[in-house]
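Dear colleague,

Please find below the structure I promised to hand over. My findings follow it.

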Amino acid sequence: MSKVFLSAGHGGTDPGACAYGLKEKDINLQTLLACKSELERHGVTVIASRVKDESDPVSQEVKEANASRADIAVSFHANAGGGDGFEAFYYQGSAYGLKLAALGEKYVKALGQNSRGVKRGNHLSFIKNTKMTAVLFESFFVDNDKDNNIGDTVAKQKALGVAYAKAILEYLGIEYENKLYRVQVGAFKKKSSAETLRDELKARGYDAVIV
């Protein structure tokens with residue numbers, strides 16, 4: 001069974017980048033939680049650096065990642081400095097890291113975000129000091145009021161998490177399965193009444209069955 005370590009950068013007394021009412025620590029956490037949920041839905045074991053707002057310095061994240069013996073480690077961040085776009089960092093020289101970083105770029109771009117590229121991250125502690133293949137994703141610039149539109153709500157932050165989950169699943173060779181939702185439009189004591197509604201729905205182009 002595949003095992004993945006996920007990191008939500010910053011937390012607790014360290015809010016990370018802040019602007020326009022957004023805090024990086026909150027963005028990263030929502031992204032992680034959504035990614036974790038999707039990976040677990042596909043049978044992947046996930047170890048998370050945190051699942052709530054608490055202090056979690058990068059040195060502790062690295063220690064936890066290495067202790068987890070996960071196959072890969074992924075850290076979620078949001079940027080600052082007035083730039084624009086997504087960035088992915090990996091350990092230069094790691095073909096696996098490059099592959100995972102590129103897949104992250106692929107799925108975030110599918111959400112409509114532009115990319116500043118896949119880059120060398122050997123200077124980053126999370127990339128440099130983890131024992132497994134590791135990448136760090138910067139989803140968008142918090143302090144750019146246009147760029148942060150991709151993640152300025154919890155729903156959008158969770159959508160980023162799903163995008164990252166799709167990237168990780170493709171890297172692991174696991175096919176992504178869309179969720180299916182059933183809608184019940186009626187319940188009847190008489191079968192004839194159920195059949196009448198079924199026929200009406202089919203006439204309108206809906207697929208309808210009686211259970």
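**Findings on the structure**

K166 counts as partly exposed, because its relative accessibility is 28%, a value between the limits of 20% and 50%. Please bear in mind that this is a predicted model. K166 is found in helix α5, and its contacts, leaving aside residues up to four places away in sequence, are Y107 and Y176. K166 and K119 stand 47 residues apart in sequence, and their C-alpha atoms are 20 Å apart in space.

**Overall architecture**

The protein has 211 residues, of which 45% count as buried. Its secondary structure comprises six helices and eight strands, and their order along the sequence is β-β-β-α-β-α-β-β-α-β-α-β-α-α. The C-alpha trace spans about 70 × 40 × 30 Å along its principal axes.

Two packed helices are described by the angle between their axes and the distance between the axes. Both values are given here for two pairs that involve α5.

Helix α3 (residues 95-109) packs with helix α5 (residues 154-172) at an angle of about 140°, and the two axes lie 8 Å apart. The two helices are therefore oblique to each other, and the crossing of α3 and α5 is right-handed. On the α3 side the contact involves Y96, K99, L100, L103, G104, K106, Y107 and V108, which meet L160, A163, Y164, K166, A167, I168, E170 and Y171 in α5. By class, the residues of this contact are eleven nonpolar, one polar and four charged.

Helix α1 also packs with α5, at an angle of about 45° and with the axes 7 Å apart. This pair, α1 and α5, is therefore oblique, and its crossing is right-handed. The contact draws on D26, I27, Q30, T31, A34, C35, E38 and L39 from α1, together with V154, Q157, K158, L160, G161, V162, Y164, A165, I168 and L169 from α5. Eleven nonpolar, four polar and three charged residues make up the contact of α1 with α5.

In soluble globular proteins, nonpolar side chains tend to be buried together. Here the largest nonpolar core holds 37 residues, and L6, L39, V74 and I168 touch the most other members. Two or more residues of this core come from each of β1 (3-8), α1 (24-41), β5 (72-79), β6 (86-90), α3, β8 (133-141) and α5. The most is given by α5, with eight residues. Beyond residues up to four places away in sequence, I168 touches V4, L6, C35, L39, I72, V74 and L100. Another core, of eleven residues, lies apart from the largest one and has F89, F126, A134 and L136 among its members.

Not counting residues up to four places away in sequence, Q113 touches G85, F86, V108, S139, F140, D147 and I150.

With kind regards

Methods: Residues are numbered from 1 along each chain as its sequence is written. This is a predicted model: local features need pLDDT of at least 70, side-chain atom pairs count only at pLDDT 80 or more; totals for chains, interfaces and linings use all residues. Side-chain values use heavy atoms; hydrogens and water are left out. Axes are lines fitted to C-alpha atoms, for helices over the stretch in contact, and angles run from 0 to 180 degrees between N-to-C directions. Helices (H or I, at least four residues) and strands (E, at least two) are DSSP runs, numbered from the N terminus. Angles under 35 degrees count as roughly parallel, over 145 as roughly antiparallel, 65 to 115 as roughly perpendicular and the rest as oblique. A crossing is left-handed if the near helix is turned anticlockwise from the far one by less than a right angle, and right-handed if clockwise. Contact means heavy atoms within 4.5 Å. Ala, Val, Leu, Ile, Met, Phe, Trp, Tyr, Cys and Pro count as nonpolar, Asp, Glu, Lys and Arg as charged, and the others, Gly among them, as polar. A nonpolar core is a set of buried Ala, Val, Leu, Ile, Met, Phe, Trp, Tyr and Cys residues joined through side-chain atoms within 4.5 Å. Buried means under 20% relative accessible area, exposed over 50%, partly exposed in between (1.4 Å probe, protein chains only).
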